[in-house]
Structure formats: C-alpha cells, structure tokens
Amino acid sequence: MINVVCGVKSTGRICTDIALQLEKQGHEVKIAYGRDVVPAELERFAYRIGNDWDVRFHGIRARLFDGMGLGSKAATERFVEWIINFNPDVIHLHNIHGYYLHIPTLFNYLKNCDKKIIWTLHDCWSFTGHCMYFNYENCDRWKTGCGGCPQKGVYPDRIGPDRSAFNHNLKRHLFANIKDLTVVTPSEWLAKLVQQSFMGQYPVQVIHNGVDTATFKPTDSDILDKLGISGKKMLLGVAAVWDRRKGLKDFIELSKIIDDSYRIVLVGLSKDQVRALPEGVIGLTRTDSVEELVKLYSAAYAFINPTYEDNYPTTHLEAIACNTPVITYDTGGSSESADMYGITLHEKTPTAIASALPDIPNIKKQAVDIDNATTIESYLKLY
C-alpha cells in the first residue's frame with residue numbers, strides 16, 4: 001500500500017487495519033509512506049519514501065510553482081527500485097499527495113508493471129488541477145480542465161502562479177491507460193464525481209470506511225472530570241487539521257449561543273489555535289492515542305462536524321461506535337455516515353446546530369454494520 005502516513009490519522013489507520021488482517025491470513029504486506037511517525041507496534045509494515053528534507057523541499061516547490069507531486073524525484077526512483085525487488089501481487093494506492101511522491105516516476109512504473117492496482121480516493125485531488133475539494137468555492141472547473149484556480153491559502157497551499165490547468169492536463173495524461181486499475185471511493189458522493197471526471201475511464205467501486213469496533217466502543221472513564229467539565233454535556237469536535245473547511249469558526253460562534261449546560265471540546269488543534277480559543281471552549285492538540293479518543297467519544301453528548309468539505313468522515317463512525325450521535329452539515333458524503341445515528345443539517349450555520357441539540361436524546365440508532373471487518377473483506381475480494 002502507498003499512503004502519506006502509516007498507522008496514524010484516518011487513512012493511515014485504514015491501511016494498517018487492512019495490513020493486520022492480511023498478515024493474519026499469511027500475506028506479506030508493506031505500507032510505503034511519506035511523513036509522520038509510525039506507531040512502534042506497526043513499524044514492521046512501514047517503508048518510508050524519502051526523508052524529512054525531501055518533504056520540505058517538495059513542499060517549497062509545491063508552494064512556489066504549484067507543483068504538488070512534482071518533487072521527490074530521486075526518493076521516488078529509489079522507491080520504484082524497492083517495489084521491483086519486493087515484487088508485490090497487488091499495489092494499493094491511497095493518498096499520493098502530501099509532498100512525498102514524484103507522480104510521473106511512479107505512474108510510469110505503474111503503467112508497465114503488469115500488477116493488479118487498486119486506488120482508493122479519499123478526496124478529489126486525483127482529478128483536479130490543484131485542490132482536494134472544491135465545494136467551498138462551488139467550483140466546477142475540474143470538469144473542463146481547471147485554470148483560474150480560486151484556491152490559494154489552503155492545502156495544498158501556493159504562493160506562486162496558478163498552474164492548475166497544466167496540472168490537470170498532466171494528471172489526465174499520467175493517470176490514463178493503466179491496465180487492471182480499479183478505483184475505490186468510500187462514499188457514493190465521491191463515486192459520482194469520479195464518474196464525471198477523466199478517472200471515470202476506470203471501474204469505480206464504493207467500499208465504505210469502517211472502524212475497529214473492538215476498540216471503538218462505549219467506554220466508561222473520568223475524562224470529564226479531568227477536563228474540568230463534570231456535569232456538563234460535552235460537544236466534541238475532532239480533526240487532523242482544523243482548516244477553514246472543518247468549521248472551526250462555526251464552533252467559536254456556537255460557543256456564544258449555547259447555554260451553560262454545554263461545553264465544547266476540540267481535538268487536533270495547533271498550539272496557536274488553542275491559545276486563541278475563547279473562554280468556554282476547551283482545545284486539545286493532536287493525539288494519536290486511540291484510547292484517549294475512545295474515552296472522549298464515549299463521554300460526549302454529541303459529536304459535531306460542521307464540515308464544509310468532506311468525503312466519508314471516519315470520525316463519524318468512531319463516534320457512532322462509541323454510541324455517540326453525530327450532527328453534521330449536508331456536505332459531500334458526510335450525511336452517508338451521519339444518517340446511521342445522527343442529524344444532517346441542510347442549513348449550515350451554528351444556529352442550526354444549536355437548534356438540533358435538544359433532539360439528540362430522541363435519535364434512534366440504525367442497525368448498520370460499521371465494523372472494519374466488513375470493509376477489509378470487501379478489499380480482500382477486490383485483491
């Protein structure tokens with residue numbers, strides 16, 4: 001498997017969950033990754049592509065020249081040599097953006113390797129000229145070749161010229177005519193977009209994300225006491241990166257209109273974001289401790305996801321597995337998971353969230369299977 005991270009964040013955990021199950025069945029599995037720390041118990045799966053300096057220089061190139069995927073050439077050449085020596089039966093791509101892969105080198109190999117290839121798209125980057133998502137700007141330039149890109153100050157950030165038209169054309173060329181490639185999307189929403197793009201030349205299969213329900217389950221703890229909010233109804237938000245699309249501003253506004261019986265707790269903030277929070281909002285920096293997340297989810301009154309751009313949020317599934325309902329905006333594929341046990345808001349405002357809070361106790365949980373064993377079995381059949 002190839003992914004930007006290994007064993008951490010949602011996509012990294014999806015990769016290692018699959019790897020662990022494959023290992024139990026006697027397969028040899030490696031996860032090639034680009035950045036961040038790998039949990040010690042999962043290091044046996046990991047192969048790092050390049051190093052921190054490669055990521056930094058690639059990031060600079062991407063910002064200056066709108067060149068995501070056009071750095072890390074030497075590191076990717078070494079990686080391709082490693083793949084040839086490992087000689088896998090199946091190559092499973094996940095997030096290939098993130099300043100760690102040279103996509104022309106990788107895809108030149110993929111077009112000629114005669115391997116079975118799966119590509120799980122966790123966002124829209126593969127068929128746009130620049131962005132991961134385009135909902136915030138309500139942009140559909142990706143359908144006609146991009147150019148005049150309205151995104152500049154969000155990931156993938158750029159401070160140089162707009163080369164989205166060039167990038168779109170390059171991807172359309174590089175990603176075409178790959179033998180035995182199947183595209184997977186976690187949501188029906190993304191599958192429909194893929195079929196409207198140049199990636200629609202490939203078969204598209206929807207495999208919903210799942211979570212380890214032996215780990216993510218209702219768990220008693222004293223986490224509310226430790227946070228100093230015993231007796232309050234915790235409204236929980238969790239994100240790997242709190243950028244504009246995740247609705248941090250909406251949480252701030254929500255804190256101003258809810259009554260004193262509630263407390264907002266946000267996980268995954270930067271230190272600067274924590275310092276900037278208003279009184280009454282508790283901010284926690286990123287945690288890779290699954291145990292801590294389980295305690296937070298289990299203790300929450302509701303999991304709130306005021307997202308403006310999303311695919312099929314794994315955080316929803318984690319909350320639901322811990323028996324905590326979800327409130328989210330009707331964005332992308334977000335409602336596809338929230339509707340299992342939660343409320344989807346068509347009006348994307350903090351006021352709408354506040355109005356929905358009294359309805360939380362009345363929500364009925366749907367009898368659906370969100371265990372990742374189902375997800376993994378679907379991938380095993382595809383392999």
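Student: Is Glu137 buried, exposed or partly exposed?
Tutor: Glu137 counts as partly exposed, because its relative accessibility is 23%. Keep in mind that this is a predicted model.

Student: Which residue does Glu137 form a salt bridge with?
Tutor: Its partner is Arg244, and the closest N and O atoms of the two are 2.2 Å apart. The pair links distant parts of the chain, 107 residues apart. Arg244 sits in the loop between strand S7 (233-238) and helix H8 (248-257), while Glu137 sits in the loop between S4 and H5.

Student: And Arg244, how does it count for accessibility?
Tutor: Arg244 has 31% relative accessibility, so it counts as partly exposed.

Student: What does Arg245 pair with?
Tutor: Arg245 forms a salt bridge with Asp243, with 3.8 Å between the closest N and O atoms. Arg245 is buried because its relative accessible area is 15%, and the limit for buried is under 20%. Asp243 is at 25% relative accessibility, so Asp243 counts as partly exposed.

Student: How many salt bridges are there in total?
Tutor: The count comes to 16 salt bridges. One of them joins the side chains of Asp180 and Lys116, at 3.8 Å from N to O. Asp180 lies in the loop between H5 and strand S5 (181-185) and Lys116 lies in strand S4, so this pair ties together parts that are 64 residues apart in sequence.

Student: Are Asp180 and Lys116 buried or partly exposed?
Tutor: Asp180 is partly exposed, with a relative accessible area of 45%. Lys116 also counts as partly exposed, at 21% relative accessibility.

Student: Why would such side chains pair at all?
Tutor: Side chains of opposite charge can pair when their charged atoms come close.

Student: Which residues are linked in a network of salt bridges?
Tutor: Lys9, Asp36 and Arg286 are linked that way. Lys9 is placed in helix H1. At 27% relative accessibility, Lys9 counts as partly exposed.

Student: What is the phi of Lys9?
Tutor: Phi of Lys9 is near 60°, which is a positive value in a residue other than glycine. Cys146 is not a glycine either, and has a positive phi of about 65°. Cys146 is found in the loop between S4 and H5, and at 23% relative accessibility Cys146 counts as partly exposed.

Student: Where does Asp140 lie?
Tutor: Asp140 lies in the loop between strand S4 (116-120) and helix H5 (164-174). Asp140 counts as partly exposed, at 47% relative accessibility. The C-alpha atoms of Asp140 and Thr128 are separated by 9.5 Å, and these residues are twelve residues apart along the chain.

Student: Back to H1. At what angle do H1 and H14 cross?
Tutor: The axes of helix H1 (residues 9-24) and helix H14 (residues 372-382) cross at roughly 70° and come within 10 Å. H1 and H14 are therefore roughly perpendicular to each other, since angles of 65 to 115 degrees count that way.

Student: Is that crossing of H1 and H14 left-handed or right-handed?
Tutor: The crossing of H1 and H14 is right-handed.

Student: What about H3 and H4, what angle do their axes make?
Tutor: The axes of helix H3 (residues 73-86) and helix H4 (residues 103-110) cross at roughly 25° and come within 8 Å. That makes H3 roughly parallel to H4, because angles under 35 degrees count as roughly parallel. H3 passes H4 in a right-handed crossing.

Student: Last topic, the surface. Which residues make the nonpolar patch of about 670 Å²?
Tutor: The nonpolar patch is made by Trp53, Phe57, Ile60, Leu64, Phe65 and Ile159.

Student: Where is Phe57 placed, and is it buried or exposed?
Tutor: Phe57 is in helix H2 (residues 52-65). Phe57 is exposed, with a relative accessible area of 55%, because exposed means over 50%.

How values were computed: Residues are numbered from 1 along each chain as its sequence is written. This is a predicted model: local features need pLDDT of at least 70, side-chain atom pairs count only at pLDDT 80 or more; totals for chains, interfaces and linings use all residues. Side-chain values use heavy atoms; hydrogens and water are left out. Patches are made of residues with over 30% relative accessible area and no salt bridge: like charges are joined within 9 Å, nonpolar side chains (Val, Leu, Ile, Met, Phe, Trp, Tyr) within 5 Å. Accessible areas come from the Shrake-Rupley method with a 1.4 Å probe; for residues, only the protein chains shown count as cover. A salt bridge is a side-chain nitrogen of Lys or Arg within 4 Å of a carboxyl oxygen of Asp or Glu. Helices (H or I, at least four residues) and strands (E, at least two) are DSSP runs, numbered from the N terminus. Buried means under 20% relative accessible area, exposed over 50%, partly exposed in between (1.4 Å probe, protein chains only). Axes are lines fitted to C-alpha atoms, for helices over the stretch in contact, and angles run from 0 to 180 degrees between N-to-C directions. Angles under 35 degrees count as roughly parallel, over 145 as roughly antiparallel, 65 to 115 as roughly perpendicular and the rest as oblique. A crossing is left-handed if the near helix is turned anticlockwise from the far one by less than a right angle, and right-handed if clockwise.
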